[in-house]
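Keep the picture open while you read.

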Amino acid sequence: MPFSLRRLLQRPRTKSGLPHTANKPYHVAIIMDGNGRWAKQRGLPRTAGHRAGMAALRLTVRAAVELGIGVLTVYAFSTENWRRPKAEVDFLMNLPGQFLKTDLPELKQNNVRIRMSGSREGLPAHTLQAVDEAIAQTADNTGMILNFALNYGGRGEIIRAVRKLAKAVKAGVLEPEEITEELVSRALDTGALPDPDLLIRCSGEIRLSNFLLWQLAYAELWFTDVYWPDFDRSHLLAAINAYSKRDRRFGGIKGGEGLDV
Ligand code: V07
């Protein structure tokens with residue numbers, strides 16, 4: 001689809017146009033880490049960990065729908081993951097098709113809309129076909145958005161966005177001065193989605209690993225030692241509970257009056 005400034009500016013990114021501040025996160029992002037370590041601990045092949053991770057994802061999506069989460073973005077495959085052994089990559093590239101074959105009926109029943117963030121380049125045709133089919137079949141759904149970060153890297157995404165904007169400038173339809181945070185946000189793969197309010201990372205790693213670099217600027221971060229295949233509703237609830245107790249200020253001060261009296 002060609003880059004269109006008009007499309008970029010259509011809707012506010014949140015209903016209010018402001019960041020989401022209620023005590024329930026609207027957009028939750030998850031780094032589903034620890035599948036390989038979960039398998040190793042059990043003397044199983046890494047692929048068994050990925051399969052168990054898919055089952056955990058199924059439970060988490062169910063829980064997120066029930067909790068009224070607006071957007072759930074999950075890191076399924078990073079651009080760095082291509083460095084893994086070919087057999088493992090081939091296995092992973094079959095998971096979107098497998099997941100959708102078993103889960104698409106329930107997702108549709110639950111009014112879930114599927115989206116993808118990431119580069120289409122380099123993904124096998126059969127993987128893209130499965131994802132595109134799921135996106136098309138759920139395009140009119142109005143419930144939770146399930147956004148798969150697939151062949152995704154934050155810096156790569158920013159580069160693709162910058163190129164789109166540069167092309168618009170070169171074509172004479174955009175002035176450099178018109179490039180705002182809002183426009184950059186919209187040129188990213190996450191487009192009109194509001195930024196994540198809460199990032200969850202499993203498996204004890206305390207880093208972003210090139211995930212949603214621009215979008216996570218103000219997110220609350222929550223880390224757990226639990227391996228992703230062991231993650232369930234209770235861990236999601238713990239993260240949301242911790243989020244609801246935090247005081248998000250977006251760089252301002254509480255109350256926003258500017259005076260501490
Ligand atoms: C993958 C299972 C979850 C744990 C993390 C790694 C392994 C679901 C998908 C998927 C992707 C796109 C889509 C539908 C489903 C997936 C990969 C790996 C590459 F439209 N799980 N899952 N994709 N794992």
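## The sheet

Start with the open sheet of six strands, which has the order β3-β4-β2-β1-β5-β6 and parallel pairing. β3 (113-117) and β6 (220-223) stand at the edges with a single partner strand each, so one side of each is left without a neighbour in the sheet. On average, neighbouring strands of this sheet are turned by 20° against each other, direction ignored. Two strands count as paired if DSSP finds at least two bridges between them. The labels come from DSSP too: helices are runs of H or I with at least four residues, strands are runs of E with at least two, and both are numbered from the N terminus.

A quick word on the ground rules. This is a predicted model, in which local features need pLDDT of at least 70 and side-chain atom pairs count only at pLDDT 80 or more, while totals for chains, interfaces and linings use all residues. Residues are numbered from 1 along each chain as its sequence is written, and side-chain values use heavy atoms, with hydrogens and water left out.

Now pick out β1 (residues 27-31). Five of its five residues are buried, so β1 is largely enclosed by the rest of the structure. Here, buried means under 20% relative accessible area, exposed means over 50%, and partly exposed is in between (1.4 Å probe, protein chains only). H27, A29 and I31 point one way from β1, V28 and I30 point the other way, and all are buried.

Which strands does β1 pair with? Five bridges join β1 to β2 (residues 71-78), and the two run parallel. Along that pairing, H27 stands opposite V71, and I30 stands opposite V74. Four bridges join β1 to β5 (residues 198-201), again running parallel. There, A29 has L199 as its bridge partner.

## Two helices side by side

Next, look at α3 (residues 46-67) and α4 (residues 86-109). Their axes come within 11 Å and cross at roughly 30°. Such axes are lines fitted to C-alpha atoms, for helices over the stretch in contact, and angles run from 0 to 180 degrees between N-to-C directions. α3 and α4 are therefore roughly parallel to each other, the word for angles under 35 degrees.

Which residues meet here? From α3, the list includes R46, H50, M54, L57 and V61, and from α4 it includes E88, F91, L95, F99 and D103. Contact means heavy atoms within 4.5 Å. By class, the contact has eight nonpolar, four polar and seven charged residues. Nonpolar covers Ala, Val, Leu, Ile, Met, Phe, Trp, Tyr, Cys and Pro, charged covers Asp, Glu, Lys and Arg, and the others, Gly among them, are polar.

## Some loop residues

D189 is in the loop between α7 (181-187) and β5. Is D189 buried or exposed? With 16% relative accessibility, D189 counts as buried. Leaving out residues up to four places away in sequence, D189 touches R115, S117, G118, Y152, E157 and R160.

Most residues other than glycine have a negative phi. N111, in the loop between α4 and β3, has a positive phi of about 65° although it is not a glycine. N111 is partly exposed, with a relative accessible area of 28%. S209, in the loop between β5 and β6, is not a glycine either and has a positive phi of about 50°. At 31% relative accessibility, S209 counts as partly exposed.

Methods: Parallel < 35°, antiparallel > 145°, perpendicular 65-115°, else oblique.
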